[in-house]
Amino acid sequence: MKKWHVVTVVVVVVAALFLAACGATPEPQTIKETVVVEKEVVVTQEVEVEKEVEVTRVVKEEVEVEVEVTSTPVPLPQGGWVTEVNPHDVRCLNPILCGEGTPGDYFPKMFGRCVDVNAYTGEWEPSLCESWEISDDGLTYAFKVREGVNWTDGTPVTAKDFGYTYEGLMSGKLETWNVAAVQNIKEINLIDDMTIEFVMKAADCAAMGNLALRWIPAHVYAEDWSDLTTNPEYMEATVTNGPFKMKEWVHGDHVIWESNPDYWKGAPHVEGYIRRVVPSQNIGAQQLKTGEADIAPIVPENVAELEAQDHLVVYKYLRDAYGYLALQMGDPDNPQPRLNEDGSLNEDHGVHPILGDKRVRQAIAHAMDLDAMIYGINLGLAGPIAANGLPTIKWAYNDELQPREFSQEKAIELLEEAGWTDTDGDGVRECHACAYADEGAPLELNLLALAGYEISENRAILAQDLLNQIGFDIEVEMVESASMRDRRYAQNWDMMVQDWEDIGNDPHDEVLWASWADVPGGGGNNNVSYYNPDAEELFAEAKSVPGCDQAKRGEIYKKIQEIIYEDQPYIFLYQRKDVLAYNKRIGNFEPGPWYYEPDHQNWYIIEGE
């Protein structure tokens with residue numbers, strides 16, 4: 001009889017050291033190895049004296065065993081600065097009041113929100129809220145706020161901050177288009193310090209997007225929100241909760257963020273982040289080449305040059321964004337809200353003397369050479385769209401609609417049908433029995449574009465040339481980014497070249513077209529004074545589909561796109577394919593199509609780069 005006792009197992013494992021992607025504890029790995037083990041063998045055998053004795057000897061035998069090993073991560077390098085250059089800046093540091101029109105990477109560095117959009121899938125994922133529940137009737141949203149998150153002054157982040165941000169928007173005291181996010185909120189209930197409940201007036205399948213605004217610290221501001229624009233935090237933002245905290249901001253020149261050592265996802269590995277405001281994207285491209293900058297959005301004409309640089313990566317992605325030419329439909333000389341305070345239609349709203357006529361708007365659409373916009377200005381880094389739906393949201397995209405053909409003949413036909421003819425032969429058409437303008441008034445319009453943003457400037461110049469060819473007299477005005485927001489919301493212009501960015505993962509863009517969002521001065525994003533009661537009914541239907549059935553909702557949004565296509569409040573130029581260039585020295589820089597700078601806390605500076 002043999003008795004086997006394992007005395008020692010000697011395993012030789014060569015484990016490659018690796019850089020942990022997030023600096024986190026690596027997962028154990030089970031591997032199989034053929035190894036030599038020593039075993040103590042007890043052998044019973046008979047000897048001549050006919051007596052049993054135990055003889056012990058050590059033997060070696062090859063056996064296959066499974067062992068679990070955990071690789072030891074190499075600590076990521078610490079320190080170093082990341083520098084971005086961009087033509088745009090914000091006008092204040094309150095994300096609720098100054099977030100509109102801001103590049104999408106600005107406030108995420110400082111302020112968190114309940115949920116985030118996954119940078120790679122576009123789906124909602126937990127952030128400051130660790131979980132949520134939606135009632136079966138779609139009327140109640142309950143959120144559990146994450147424990148252990150602090151503001152930079154040491155005060156815990158709680159559900160009160162969530163509620164304070166949204167109650168302020170519901171108070172009627174704040175002038176910002178973000179009030180659109182609370183239109184459907186009936187009441188907010190603070191269950192306890194870390195639990196909050198939102199009760200809706202009606203079921204709203206798009207509610208998560210509205211509940212994803214960035215929070216402001218309730219304990220810093222007055223309880224009645226009376227000091228949001230006078231409090232020092234409005235321009236200083238010393239109390240934040242993001243991966244970086246404010247060190248210095250010189251408006252229109254630069255901002256310096258230091259890493260937040262207490263950030264709830266883990267302290268960033270880099271020491272800080274610098275963002276410099278440059279006059280143009282071309283200057284930004286040159287600073288990328290020389291190494292003065294690490295990150296910058298770039299224009300198509302710089303792509304080939306930067307792709308040839310060994311130290312850069314050029315990332316192209318189809319963005320949830322589109323470029324458009326906005327056509328003002330309200331009276332620019334007397335902008336008025338579409339609705340009275342009681343919700344009834346404002347009979348004094350007024351109409352644009354030229355663009356109030358749908359035939360003129362459609363004529364402008366036929367006059368736009370979209371191929372020149374896409375392949376000339378954007379060098380093919382864009383895709384055609386006909387209305388307000390984007391191909392990236394496939395289930396709600398109406399692919400039967402096609403952009404209006406580029407036809408000067410069709411454009412001229414529509415203008416003359418609308419009463420705009422050139423009787424004096426000076427090349428500019430005049431009103432002759434047209435719908436709204438005075439008899440003999442010239443076909444003159446102003447066109448605003450964002451200064452320093454080459455694509456915006458080039459689109460405006462091309463549009464000016466195309467429209468002047470068919471009898472318009474277009475005057476282009478380049479507006480600095482600091483004042484463009486105010487100009488847009490003032491509604492005292494005729495046309496404007498613009499872009500909508502970070503539209504989101506839901507096609508419900510009612511805020512751009514609803515009558516309640518037509519509030520000159522900053523109360524809503526219906527800056528073109530669009531009004532169509534049929535579209536409003538469909539929007540209401542789409543967000544209240546039982547169970548939020550995606551297929552049923554999609555069919556409704558396709559109908560909405562048909563209406564907007566016919567009314568032509570915008571000339572939809574293209575869906576943007578954006579380009580970002582960044583220096584290879586930034587480790588763990590992993591851009592995604594839904595957000596190109598996720599996980600700032602994981603970045604590090606590669607040694608030797």
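Residues are numbered from 1 along each chain as its sequence is written, and side-chain values use heavy atoms, with hydrogens and water left out. Because the model is predicted, local features need pLDDT of at least 70 and side-chain atom pairs count only at pLDDT 80 or more, whereas totals for chains, interfaces and linings use all residues. Helices (H or I, at least four residues) and strands (E, at least two) are DSSP runs, numbered from the N terminus.

- S7 (129–134) pairs with S8 in the antiparallel sense over 5 bridges, and Glu133 has Ala142 in S8 as its bridge partner.

**Strand S10 and its partners**

- In strand S10 (residues 195–200), 5 of the 6 residues are buried, so the strand is largely enclosed by the rest of the structure; buried means under 20% relative accessible area, exposed over 50%, and partly exposed in between (1.4 Å probe, protein chains only).
- Strand S8 (residues 140–145) pairs with S10 in the antiparallel sense over 5 bridges, and Phe143 has Ile196 in S10 as its bridge partner.
- Strand S9 (residues 185–192) runs antiparallel to S10 and is joined to it by 6 bridges; the two strands form a hairpin with 2 residues between them, and the bridge partner of Asp192 in S10 is Thr195.

**The helix pair H7 and H9**

- Helix H7 (residues 358–367) packs with helix H9 (residues 408–417) at an angle of about 165°, their axes being 8 Å apart.
- That angle makes H7 roughly antiparallel to H9, since angles under 35 degrees count as roughly parallel, over 145 as roughly antiparallel, 65 to 115 as roughly perpendicular and the rest as oblique.
- On the H7 side, Arg359, Val360, Gln362, Ala363, His366 and Ala367 meet Gln408, Lys410, Ala411, Leu414, Leu415 and Glu417 in H9.
- The residues of this contact divide into 6 nonpolar, 3 polar and 3 charged, where Ala, Val, Leu, Ile, Met, Phe, Trp, Tyr, Cys and Pro count as nonpolar, Asp, Glu, Lys and Arg as charged, and the others, Gly among them, as polar.

**Loop residues**

- Asp136 lies in the loop between S7 and S8 and is exposed, with a relative accessible area of 86%; its C-alpha atom is separated by 8.0 Å from that of Gly547, which is 411 residues apart from Asp136 along the chain.
- Most residues other than glycine have a negative phi.
- Gln491, in the loop between helix H11 (481–490) and strand S21 (495–500), has a positive phi of about 60° although it is not a glycine, and Gln491 is buried, with a relative accessible area of 2%.
- Asn588, in the loop between strand S23 (586–587) and strand S24 (604–605), likewise has a positive phi of about 60° without being a glycine, and Asn588 is buried, with a relative accessible area of 18%.

Note on methods
Two strands pair if DSSP finds at least two bridges between them. Axes are lines fitted to C-alpha atoms, for helices over the stretch in contact, and angles run from 0 to 180 degrees between N-to-C directions. Contact means heavy atoms within 4.5 Å.
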